[in-house]
Amino acid sequence: AICFILCILGFTMVTYSGSYWFELIDAYCSGIPLLIIALVECIAISFIYGIDRFSEDIHYMTNKPPRFIWKWCWKVISPLAILAVLSMSIKGMSETTPSYSIWDAEKVRMYLFKVPLPPISIFS
């Protein structure tokens with residue numbers, strides 16, 4: 001069922017306006033959710049699971065305790081950096097309006113016909 005639904009959703013990418021759908025999804029659906037997931041992971045590891053327990057787990061797996069700088073990065077630097085990038089991304093998205101270039105079928109047709117020609121001219 002999931003494969004069928006994703007296949008149906010994928011059909012939008014191969015239609016006449018598929019490049020517009022791809023640009024829209026790429027620009028507005030890929031960055032923010034990934035940053036939110038990364039921020040939640042940092043917060044969960046640092047404050048909910050605990051840095052000390054996480055460090056003990058790493059020591060158990062590698063037989064070397066993580067240095068202080070890693071603990072400091074996991075607890076302070078990474079969440080702040082991700083939060084800064086997330087806030088700047090949201091600010092940048094809110095200041096601009098969504099736009100896309102005009103579809104030029106002739107340009108695409110010429111590109112598609114010129115791409116195979118160089119290998120043919122090399123071998124002939």
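The loop between α3 and α4 holds N63. This residue has a positive phi of about 60° although it is not a glycine. N63 counts as exposed at 66% relative accessibility; exposed means over 50% relative accessible area, buried under 20% and partly exposed in between, with a 1.4 Å probe and protein chains only. The model is predicted: local features need pLDDT of at least 70, side-chain atom pairs count only at pLDDT 80 or more, and totals for chains, interfaces and linings use all residues. Residues are numbered from 1 along each chain as its sequence is written, and side-chain values use heavy atoms, with hydrogens and water left out.

P66 lies in the loop between α3 and α4 as well. P66 is buried, with a relative accessible area of 15%. Its partners, not counting residues up to four places away in sequence, are S55, I58, K71 and W74; contact here means heavy atoms within 4.5 Å. P66 and S55 are eleven residues apart along the chain, and their C-alpha atoms are separated by 6.2 Å.

S55 takes us into helix α3. Helices are DSSP runs of H or I with at least four residues, strands are runs of E with at least two, and both are numbered from the N terminus. S55 counts as buried, at 6% relative accessibility. Beyond residues up to four places away in sequence, S55 touches P66, K71 and W74.

Now follow α3 to S46. Helix α3 covers residues 31-62, and S46 is found in it. Is S46 buried or exposed? S46 is buried, with a relative accessible area of 3%. Its side chain reaches the backbone oxygen of W74 at 2.6 Å. A polar contact is a pair of N or O atoms within 3.5 Å; within protein, one must be able to donate a hydrogen and the other to accept it, and residues adjacent in sequence count only if both atoms are side-chain atoms. Leaving aside neighbours within four places in sequence, S46 is in contact with I51, W74 and K75.

L35 is another residue of helix α3. L35 is buried, with a relative accessible area of 18%. Not counting residues up to four places away in sequence, L35 touches I82, V85, L86 and S89.

Helix α4 covers residues 68-95; its axis comes within 9 Å of the α3 axis, and the two cross at roughly 170°. The axes are lines fitted to C-alpha atoms, for helices over the stretch in contact, and angles run from 0 to 180 degrees between N-to-C directions. That crossing makes α3 roughly antiparallel to α4. Angles over 145 degrees count as roughly antiparallel, under 35 as roughly parallel, 65 to 115 as roughly perpendicular and the rest as oblique.

Which residues make the contact? From α3 they include L35, C42, S46, F47, F54 and S55. From α4 they include K71, W74, K75, S78, P79 and I82. The residues of this contact divide into 18 nonpolar, four polar and two charged. Ala, Val, Leu, Ile, Met, Phe, Trp, Tyr, Cys and Pro count as nonpolar, Asp, Glu, Lys and Arg as charged, and the others, Gly among them, as polar.

Residues 33-51 are 100% helix and 0% strand, with end C-alpha atoms 24 Å apart. Residues 72-90 are 100% helix and 0% strand too, and their end C-alpha atoms lie 26 Å apart.

Step back to the whole protein. How many helices and strands are there? There are six helices and zero strands. Along the sequence the pattern reads α-α-α-α-α-α. Of the 124 residues, 14% count as buried. Among contacts with a separation of 6 or more, 61% come from residues 24 or more positions apart.
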